[in-house]
Amino acid sequence: MTKETVICHDIVALEAALKKGVVHMVYLKKNGAMRDAHDTRASALIPEGYRAQGRRKPSPLTLAYWDTDRGGWRCLLRNRLMGFVEEQ
């Protein structure tokens, strides 16, 4: 993220952006480390065998996302989001 980038901190906006495409986000992990990641929830960008099935009830405390850098599902505590930017 550059200084010119407008960073959003709204978790609802993050959820909407993740469904549309790849998002660059930063959040604090439980251990206090900062996580800088490129993530999505857009089905077309997730490998077929890993797409969400919708079987679990979503947690009000966490947000699951597909880590495009590491190729796996991760989750973040909603109250630890520092900011995100939608990628083109």
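This is a predicted model: local features need pLDDT of at least 70, side-chain atom pairs count only at pLDDT 80 or more; totals for chains, interfaces and linings use all residues.
Helix 1 spans residues 11-20, and its buried residues are Ile 11, Leu 14, Ala 17 and Leu 18. These four cover an arc of only 115° around the axis, and therefore lie on the same side of helix 1. An α-helix has 3.6 residues a turn, so residues three or four places apart point the same way. The face turned away from the buried side carries the exposed residues Val 12, Lys 19 and Lys 20. The buried residues pack against strand 1 (23-28), strand 2 (34-40), strand 3 (62-67), strand 4 and strand 5 (81-86). Asp 10 caps the N-terminal end of helix 1. One of its side-chain oxygens lies 3.0 Å from the backbone nitrogen of Val 12.

Leu 76 belongs to strand 4, residues 72-77. Its relative accessible area is 1%, so Leu 76 is buried. Beyond its neighbours within four places in sequence, Leu 76 contacts Ile 11, Met 25, Tyr 27, Leu 61, Thr 62, Leu 63 and Tyr 65. Thr 62 is 14 residues away in sequence, yet the C-alpha atoms of Leu 76 and Thr 62 are 5.4 Å apart.

The whole structure holds three aromatic pairs. Tyr 27 and Tyr 65 have ring centres 6.3 Å apart and planes at 75°, so this pair is edge-to-face. Tyr 27 lies in strand 1 and Tyr 65 in strand 3, 38 residues apart. Both tyrosines are buried. Trp 66 and Trp 73 also pair edge-to-face, at 5.7 Å centre to centre and 80° between the planes. Trp 66 is buried, at 4% relative accessible area, whereas Trp 73 is partly exposed, at 32%. Ring pairs link Tyr 50, Trp 66 and Trp 73 into a cluster.

Methods
Residues are numbered from 1 along each chain as its sequence is written. Side-chain values use heavy atoms; hydrogens and water are left out. Helices (H or I, at least four residues) and strands (E, at least two) are DSSP runs, numbered from the N terminus. Buried means under 20% relative accessible area, exposed over 50%, partly exposed in between (1.4 Å probe, protein chains only). Contact means heavy atoms within 4.5 Å. The arc is that of the directions from the helix axis to the C-beta atoms. A polar contact is a pair of N or O atoms within 3.5 Å; within protein, one must be able to donate a hydrogen and the other to accept it, and residues adjacent in sequence count only if both atoms are side-chain atoms. Rings of Phe, Tyr and Trp (its six-membered ring) pair if their centres lie within 6.5 Å; planes under 30 degrees apart count as stacked, over 60 as edge-to-face and the rest as tilted.
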